[in-house]
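Q: Hi! Could you walk me through this model?
A: Happy to, let's bring it up.
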Amino acid sequence: MSQINNIIHKLNSDYETSKEELKNELVNKKTELKNSFDQKLLKQKNVLEEKYEKQLDLEKKRIFTEEFIKFSKTIEAKKQEVLQNIFSKATQKIFDISKSEYKNFIKNLIIKNLFLGQKNEILFDETNKLSDKEKQELIEETISQIKDLKKNTEITISKNKNEKISFGIIIFSNKQSKDLSLESILSMFRTELEIEAAKILFG
């Protein structure tokens, strides 16, 4: 009888030990699973946050680019409007100068830009401020002023009908030419002003 009791006691003891071991194992497993789950969850969270940050950054760049393009177009349009207004007023003032002012202006252009020692043909503009006779007189006056500057310098009026300019002159000499028309001069100044305006507006 005592032997049976011993066996039963031993079974109870083994059962309690096994039960405790199983309990500990389950607790450990639960903790392990929870840690694994937390790690995976954190990893997924980091991945999602990284994707979100990248997407957010891309969206910010897209919006900024679109707004910058709109801003640039608005500024460019305003710049062109201002420049057009400036050059329109300047052009009108130039066209409104008196005949004597025009004559002196053209004469100075010719003297300062002649191809010395060569034959020069002067193409006049279509303002009709000077008659053909007055143009010829202007040429003769110019010749008398530069005759001591360089010999063999000839000046004649161009008969070229293909070139037409609104104001100013073009000087031809062989295959060379100097475009001193209002269009050319204003185009040069406009380009320079646009560059300066761009530097001011966009740094």
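Q: Which residue in β4 is the bridge partner of I170?
A: The bridge partner of I170 in β4 is D179. Before going on: this is a predicted model, where local features need pLDDT of at least 70 and side-chain atom pairs count only at pLDDT 80 or more, while totals for chains, interfaces and linings use all residues. Residues are numbered from 1 along each chain as its sequence is written, and side-chain values use heavy atoms, with hydrogens and water left out.

Q: Thanks! How many bridges join β3 to β4?
A: Six, with strand β3 (residues 168-173) and strand β4 (residues 176-181) running antiparallel. Two strands count as paired if DSSP finds at least two bridges between them. Helices (H or I, at least four residues) and strands (E, at least two) are DSSP runs, numbered from the N terminus.

Q: And what about F172, which residue in β4 is its bridge partner?
A: In β4 that is S177. F172 is also the bridge partner of E121; β1 and β3 run antiparallel and are joined by four bridges.

Q: How many residues of β3 are buried?
A: Six of the six, so β3 is largely enclosed by the rest of the structure. Buried means under 20% relative accessible area, exposed over 50%, and partly exposed in between (1.4 Å probe, protein chains only).

Q: Which residues point which way from β3?
A: G168, I170 and F172 point one way, and I169, I171 and S173 the other. In a regular strand the side chains alternate between the two faces of the sheet.

Q: What's going on with phi at N174?
A: N174 has a positive phi of about 55° although it is not a glycine. Most residues other than glycine have a negative phi. N174 belongs to the hairpin of β3 and β4, which has two residues between the strands.

Q: Is N174 buried or exposed?
A: N174 counts as exposed because its relative accessibility is 72%.

Q: New topic: where is Y102?
A: Y102 sits in helix α2 (residues 99-113). With a relative accessible area of 1%, Y102 is buried.

Q: What does Y102 touch?
A: Leaving out residues up to four places away in sequence, Y102 touches I97, F124, D125, T127, K129, L130 and F167. Contact here means heavy atoms within 4.5 Å. From C-alpha to C-alpha, Y102 and L130 are 8.8 Å apart in space, and 28 residues separate them in sequence.

Q: Nice. What about the whole fold, what pattern does the protein follow along the sequence?
A: The pattern is α-α-β-α-β-β-β-α, with four helices and four strands. Of the 203 residues, 21% count as buried. Among contacts between residues at least 6 apart in sequence, 75% join residues at least 24 apart.
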